[in-house]
Amino acid sequence: MSIPGQAAADALVKRLGVSIDPDLLVLALTHRSFAYEAGGLPTNERLEFLGDSVLGIVVTDKLYRSHPDLPEGDLAKMRAASVSQKALSVVAREVGLGPCILLGKGERATGGADKDSILCDGLEAIFGAIYLSHGIEVATDAILRMVGPTLDAAANSGVALDWKTSLQEACAERALGSPVYEVVGSGPDHLRHFVATVLIAGVARGTGKGSAKKHAEQDGAAAAYASLIADDAPAMDNASHDAAAPGVTPPAE
């Protein structure tokens with residue numbers, strides 16, 4: 001079965017480094033907006049559901065075996081960071097997934113081929129297609145080739161890797177109280193979109209977007225966390241400047 005952008009799809013398979021059953025590949029690339037406009041074709045959502053589970057077990061197994069001394073909480077944070085919408089969308093861009101996804105006219109017009117949510121879902125569908133084509137061993141190899149760098153980054157990160165947890169801890173350290181998430185959803189059921197505004201001490205400090213409420217909240221928490229850290233920078237710079245100023249002697253210990 002051929003699809004629009006067949007050359008791009010063939011190039012995608014080559015970059016993935018693993019063959020995929022042609023019918024499964026078409027299904028993995030069929031976004032619901034395209035299926036709806038085409039009169040009700042099957043979508044990639046079932047494959048996405050399967051691929052999400054395959055990704056979860058592959059990443060969990062890798063983390064469990066690679067970090068025997070880490071407690072469950074740390075492993076969970078590392079997994080959350082590695083399989084987050086933002087992390088997977090980066091991988092999807094690296095393999096050139098966006099131009100291959102079959103989108104409806106409206107979604108194409110609004111830049112759907114580069115939306116984090118669509119890229120993340122499409123990549124998970126690809127994982128599901130690889131699993132059905134070859135089984136868990138080949139799927140494991142392919143997934144780890146793609147998300148391995150993200151896993152390594154998560155292992156070396158010094159902050160909590162669940163952004164909502166990181167933000168909660170940062171607010172507590174600064175006696176700012178707990179962050180509040182105001183989430184607004186829009187769009188029809190098959191194209192829901194959420195925007196989360198993060199309030200800290202009553203002030204909006206970050207905004208996030210996503211195809212699910214939890215994704216929007218995580219995205220907003222990451223932005224708010226970065227905002228708090230940026231606030232610390234001037235104070236640190238001033239302290240360094242004062243310590244180095246001529247004629248100023250640091251107090252004795």
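Is Ser 117 buried or exposed? Ser 117 is buried, because its relative accessibility is 15%. Buried means under 20% relative accessible area, exposed means over 50%, and partly exposed lies in between, using a 1.4 Å probe and protein chains only.

Some ground rules come next. This is a predicted model, in which local features need pLDDT of at least 70 and side-chain atom pairs count only at pLDDT 80 or more, while totals for chains, interfaces and linings use all residues. Residues are numbered from 1 along each chain as its sequence is written, and side-chain values use heavy atoms, with hydrogens and water left out.

Back to Ser 117. Ser 117 is found in helix H8. Helices here are DSSP runs (H or I, at least four residues), as are strands (E, at least two), and both are numbered from the N terminus. Setting aside residues up to four places away in sequence, Ser 117 touches Gln 85 and Ser 211. Such a contact means heavy atoms within 4.5 Å.

Now look at H8 as a whole. H8 has 19 residues. From first C-alpha to last, H8 reaches 27 Å, close to the 27 Å expected. That expected span is 1.5 Å times one less than the number of residues. H8 is mostly covered, with 14 of its 19 residues buried. After H8 comes Gly 135, and the phi of Gly 135 is positive, near 100 degrees.

What does the interior hold? In soluble globular proteins, nonpolar side chains tend to be buried together. A nonpolar core is a set of buried Ala, Val, Leu, Ile, Met, Phe, Trp, Tyr and Cys residues joined through side-chain atoms within 4.5 Å. The largest one here has 41 residues, and Leu 97, Ile 126 and Met 146 touch the most other members. Several helices each supply at least two residues of this core, including H1 (6-16), H4 (45-66) and H9 (136-156). The largest share, 9 residues, comes from H8. Leu 97 touches Leu 12, Leu 29, Ala 92, Leu 119, Gly 122, Leu 123 and Ile 126, again not counting residues up to four places away in sequence. Apart from this core lies another, of 10 residues, among them Leu 167, Ala 170, Val 198 and Ala 224.

Cys 100 counts as buried, at 2% relative accessibility. Cys 171 is buried too, with a relative accessible area of 0%. A disulfide is a pair of cysteine sulfur atoms within 2.5 Å. The count of disulfides comes to 0.
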